Amino acid sequence: MLKRALRNPSLVVGGVLTLTIVLAAVFAPLLATHSVDQMNMRARFAMPSSAHWLGTDNFGRDLWTRIIFGARISLSIALISVSAAAAIGSVVGLVAGYFGGWVDLLLMRITDVFLGFPALILALAIVAVLGPGVLNVSIALIVVFWTEYARVVRSATLVLREQAYVSAARALGASHGRIIFREILPNTVGPIIVLTTLGLGTAILSESALSFLGFGVPPPQPTWGWTLAYGTRFIRGEPWLSIVAGMAIMLTVLAFNLLGDGLRDILDPRQLSRAGRGSRNSTTHGS
Amino acid sequence: MAGEHQNGTLVLEVKDLDVRIEGGGGSFLVVRDMAFAVARGETLAIVGESGCGKSMTALTLLRLHPPAATVERGFVCVDGQDVLALPRAALEDIRGEGIGMIFQEPLTALNPVMTIGDQIAEALRRHRDIGRRAAARRAIELLDLVRMPDPDHRARLYPHQLSGGMRQRAMIAIALSCEPAVLVADEPTTALDVTIQAQILGLIRDLQQRLGTALVLITHDLGVVAEMADTVIVMYAGRRVEVAHVNDLFDRPLHPYTRALMTAAPHLEAADGAKSMLMEIKGAVPPPWDMPQGCPFAPRCGLTLDRCRVEEPPLVKKRDGHLAACWEVPDAA
């Protein structure tokens, strides 16, 4: 397994990048060169230097410090919202697809209601009602994101429930729950992983967009979206601010996408060569 | 409902079974008046062409028939329990432990993302109160029992990494993991090479004798029937047309359809080396929505009497222990 993982370039690059970003977020207090809110009016819009690795913003606050602390906010919102959305959506999709009939009809009409709203508008409305903050932004993103999982998992389930091995499991006395979670769910992990990693990127972008619009995590919290948005005010003379925040967002989204691609490839046992692991003449034909 | 049979305890009894399918602009009986009984260690073969209702009969034994099909009449009794009337939980308990099934295409009947060892362990843990490790050990023993070469290693492989014959061995190990009293095998060797076929049939027979399992074998292959069966049911258009002990059936087939099937099966003629004529049966099984009046085989039969086109012949005793549904064959005295 590890060998195969190391031979997959997108997994290695995505994994290293993701790990670096996560570690930077976790150890932000140790890696910071300044304090997050320390202003320095004499060093506004400084270019990168040995004192300020990524330069400073309009108040002279150290950008490196603000980016790694911002990673904590962006990553926690992305992880909370995407994992909850994936869990909720997958269960809805599995149940709707497996049972069909009125259960399917009901669950999918509910999904359609959520899908009926433009995603960002819906998220904005929810944050407007709940108020800004990490948790509320996450809730808003869960509400927006779960429908995608429900629809994808449902359509996969519609195909999978007709498979002979589902009948075979039934013939062995498996209950509905066992069939759904042991037979069907493992066969849907491919699309779920792809959606999840793409979703992590989208969640970071959405959080940035909400912050950009002033509906995200409020300042003085050092969010990437706010830094990007605020930077646009000075973009003619001092584009540095937006570029650094934008790069942080782009690198993180890229890291998740690469990781997702790689994971999907190695987690699907059908991609195992017929020679298999250990490979002791494991495909002797005609047993 | 367990009763005494010629040579042991009845573990499977089917009586007056009618299965109806809704759909395609109407509703049709696809299985009519099916009945049989199988004792421990005994093998019943159900033979017929595609579309004669044999697979539907097999699925009904586990109440696995598709939602479009309903059992209109009759009962299926496995090990003393009425399968068609059981509540869902009890039904799930009896599946796998009272009655197991081997499917035709082992690749699609195995979960592609689980190792075969895990799939056997899963079946075991469903019915037996054993831990993860014990189940994994038992899975390897079972693979050894079905003569899987190098079972320790193979248990960790996924279905697509095995050959067709090994997949069917794994399937058999799963079906027999909880030692069901009845094993239903729906065309277990149809998807396999001829040489592997013989090995798998030999394995099934061997395990059946060792475990005392009652076997219901669904097939279209008379060679398999001759090899395996004690009792044979010949089905045509959803109905039994001939029932006999395997020796009687091959020595003296009574129903024109059975005889036609036998001449349609290729075989080598001994001694003089001359090849017998390979006869095809003209036409096809009439679809359930277009059943002719009278005997459903009449349009394809060479011996049609006037009566055949009007009245469907009942299944009656023609000789000792030999039933057939045909006007042309004289009844037993």
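Biologist: What should I know about the model and the numbering before I look?
Modeller: This is a predicted model, in which local features need pLDDT of at least 70 and side-chain atom pairs count only at pLDDT 80 or more, while totals for chains, interfaces and linings use all residues. Residues are numbered from 1 along each chain as its sequence is written, chains are lettered from A and ligands numbered from 1 in the order in which they are written, and side-chain values use heavy atoms, with hydrogens and water left out.

Biologist: OK, how many residues does helix H7 of chain B have?
Modeller: H7(B) has 18 residues, 194–211, and spans 26 Å from its first C-alpha to its last, close to the 26 Å expected at 1.5 Å a residue; that expected span is 1.5 Å times one less than the number of residues. Helices here are DSSP runs of H or I with at least four residues, strands are runs of E with at least two, and both are numbered from the N terminus.

Biologist: Which of its residues are buried?
Modeller: Among them are B:Ile196, B:Ile200, B:Leu203 and B:Leu207, where buried means under 20% relative accessible area, exposed over 50% and partly exposed in between, with a 1.4 Å probe and protein chains only.

Biologist: Switching topic, which residues line the second largest cavity?
Modeller: Its lining includes B:His255, B:Cys295, B:Phe297 and B:Trp327, and by class that lining has ten nonpolar, one polar and one charged residues. Nonpolar covers Ala, Val, Leu, Ile, Met, Phe, Trp, Tyr, Cys and Pro, charged covers Asp, Glu, Lys and Arg, and the others, Gly among them, count as polar. A cavity is a set of points on a 1 Å grid over the protein atoms alone where a 1.4 Å probe fits but cannot get out, and lining residues have an atom within 4 Å of a point.

Biologist: Last one, where is B:Asp79 found?
Modeller: B:Asp79 is in the loop between strands S5 (69–78) and S6 (81–82) of chain B, and it has a positive phi of about 50° although it is not a glycine. At 46% relative accessibility, B:Asp79 counts as partly exposed.

Biologist: What about B:Asp33, what is its phi near?
Modeller: Phi of B:Asp33 is near 55°, and B:Asp33 belongs to strand S3 (residues 27–39) of chain B.

How values were computed: On a 1 Å grid over the protein atoms alone, a cavity is a set of points where a 1.4 Å probe fits but cannot get out, and a pocket is an open set with protein on both sides within 12 Å along at least five of seven lines; lining residues have an atom within 4 Å of a point.
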